[in-house]
Amino acid sequence: MLAVSGLSVTFDAGQALRDASMTLARGERLGIAGESGSGKTLLGLSLLGMAPEAASVTGSVVFDGQHVVGAAERDLRALRGQRIAMVFQEPLSALNPLRRIGDLIAEPLRLHRGMGRAAAMDRAAALLDEVGLPDPVSRLRQFPHEMSGGQRQRVTIALALACDPDLLIADEPTTALDVQVAALILALLRDLSERRRMALILISHDLRAIARVTDRLAIMYGGDLVEQGPTAQVLGMPRHPYTRGLIAARPILSATRDRSAPLPTIPGTVPALSALPPGCRFAGRCPVELPHCRTTRPTGNPACHREGA
Amino acid sequence: MLLRVENAHRSYRLPRTHLLRTAPLIRAVQDVSLTVGRGEILGIVGESGSGKSTLARMIMGFEPPDQGHVRLNGQDLATLGARVLRQARRQVQMVFQDPYDSLDPRRSIGWSVAEPLLAGGMDAPARHARAADMLSRVGLSPADMARYPHEFSGGQRQRIAIARAIAPEPALLVADEPVAALDVSVQAQVLNLLMDLNRHLGLAMVFISHDLAVVASIADRIAVMQAGRIVELGTTAKIVTTPEHPYTKALFAAA
């Protein structure tokens, strides 16, 4: 359904996404994990043709036969919202504060589907019910500020579902929420994807969140897709040194941890966009670096000179 | 006991919603009691609105409890005069969540680290030497003193904020979500630094976080807060292996 090949996004300061390739089948759930500056959000935006205007985008993104890179804005608008929808981190800034929930959800239905007001409102109530908001009919009259963070995120999900998209891209959908609410939203996303046979891309820095929801996992670092595979396999038997470091550095709940021993860390910090090494982007922080890692770009999966095939 | 909080309460009035009714009252902290011994790390875990940051502000002496006491080395902060309070406050320093907001962008980091020493009556060369010493202590170079916050990454800024906090040699550090804004690969570095300071300087800490795994990796004891109250308090091993309160169990299930 979705095929990304050789996708690169370059700014004046440097290449923020380098030669990314991946595929996604109908109904599949893919996690994209990485730290800030890894290019994960940029990848998500590029799938919708929404990379910043200052960037030059090369390579191809094909969704159901339609090319996204270089497509006319009019064609992209039809794609966005209808076939591909997106949910963001901050539900409050994604919802117009001056409009009632019902009007917000009815708008895409009237615009894209040509529904009348009454029919669109009925559908909006059904969507609110589907995302687990109790008493959906009276919710239609409420404003975003009258709801909690978790409820608002349910509304943005309902809004994203309005035109029955084939793919939902959720970018850090639970980062702003408390842990218990976050767990419910993640369960909802998984559930919706299964019930609707809707593909899901979950972008997150949180490996625990991704493990709960996705079947496949792609790890990003410094604009590179460094490792991809089944989620359980990547998390259970990570092959790329960055993936291994990331998993080891995550604090885990353990009663037996010896607190006089330091936690495992990845030394150094993510380099700035303008200071990325030309070869492997993880060079300089990597514990198993080879002499040519800094200069020669590794390819394959995992993209690593030492571990790759 | 270094810090003793006794049956502390704190409420706030929300803005009036109706002209003729009294403004609603939020009970941010209710009947909280806890102690922190010298060199001990007490973790406080809770979700947003649980009252953990209000508790931190009371421990810092930024605001007094409505009822109850906050005692530092046996002295009740609320009863101290301004001068003695200033003295007492040097004993407690704080590190915040956002390392971007907590440093003055127009001052060199050397200045920022040395600033809390102004109140201690040190002369300029001594302050400078101490700031350099603190920066090396947190893993930065004294050669960085003339540089500005924007030249550093988030993790490095948090190190600078920690250097500033430990410069006056406090006995207690209150860290409110100190790693929440940092990337995973950098979080562990900052946690290791805090544990190192705890071990080598005997620095006691109140470590506040919404993340149970983060708290459990650093704290000796953990207090779980919900809706302004401590619902469970015990050693880290005890809380991790046999949580008793339903809320603690729910946090585990979601983690």
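Predicted model: local features only at pLDDT ≥ 70, side-chain atom pairs only at ≥ 80, totals over all residues.
Residues are numbered from 1 along each chain as its sequence is written, chains are lettered from A in the order in which they are written, and side-chain values use heavy atoms, with hydrogens and water left out.

Let me start with the cysteines. Taking a disulfide as a pair of cysteine sulfur atoms within 2.5 Å, the structure holds 0 of them over all chains. Cys280(A), for instance, is in no disulfide, and the nearest cysteine sulfur, in Cys293(A), is 5.9 Å away. Cys304(A) has its closest cysteine sulfur in Cys286(A), at 6.1 Å, which is too far for a bond. Buried here means under 20% relative accessible area, with a 1.4 Å probe and protein chains only; Cys280(A), at 12%, therefore counts as buried, and so does Cys304(A), at 10%.

On a 1 Å grid over the protein atoms alone, a cavity is a set of points where a 1.4 Å probe fits but cannot get out, and lining residues have an atom within 4 Å of a point. How many cavities of 30 Å³ or more does a search of the whole structure find? There are 2, with volumes taken as the space filled by probe spheres set on the grid points, which are joined across faces, edges and corners. The largest cavity holds about 70 Å³, and its lining includes Cys280(A), Cys286(A), Cys293(A) and Cys304(A), along with His240(A). The second largest cavity, of about 40 Å³, is lined by residues including His240(A), Cys280(A) and Tyr221(A).

Finally, let us turn to chain B. Helices are DSSP runs of H or I with at least four residues, numbered from the N terminus. Helix 5 of chain B, residues 154–166, has 13 residues and should span 18 Å at 1.5 Å a residue, which agrees with the 19 Å between its end C-alpha atoms; the expected span is 1.5 Å times one less than the number of residues. Among the buried ones are Arg157(B), Gln158(B) and Arg159(B), and the elements covering the buried residues include helix 4 (124–137) and helix 6 (184–201) of chain B, where contact means heavy atoms within 4.5 Å.

Conventions:
Helix = DSSP H or I, 4+ residues; strand = E, 2+ residues; numbered from the N terminus. Buried < 20%, exposed > 50% of the residue type's maximum accessible area, 1.4 Å probe, protein only. 1 Å grid on protein atoms, 1.4 Å probe; cavity = no way out; pocket = protein on both sides within 12 Å on 5 of 7 lines; lining within 4 Å.
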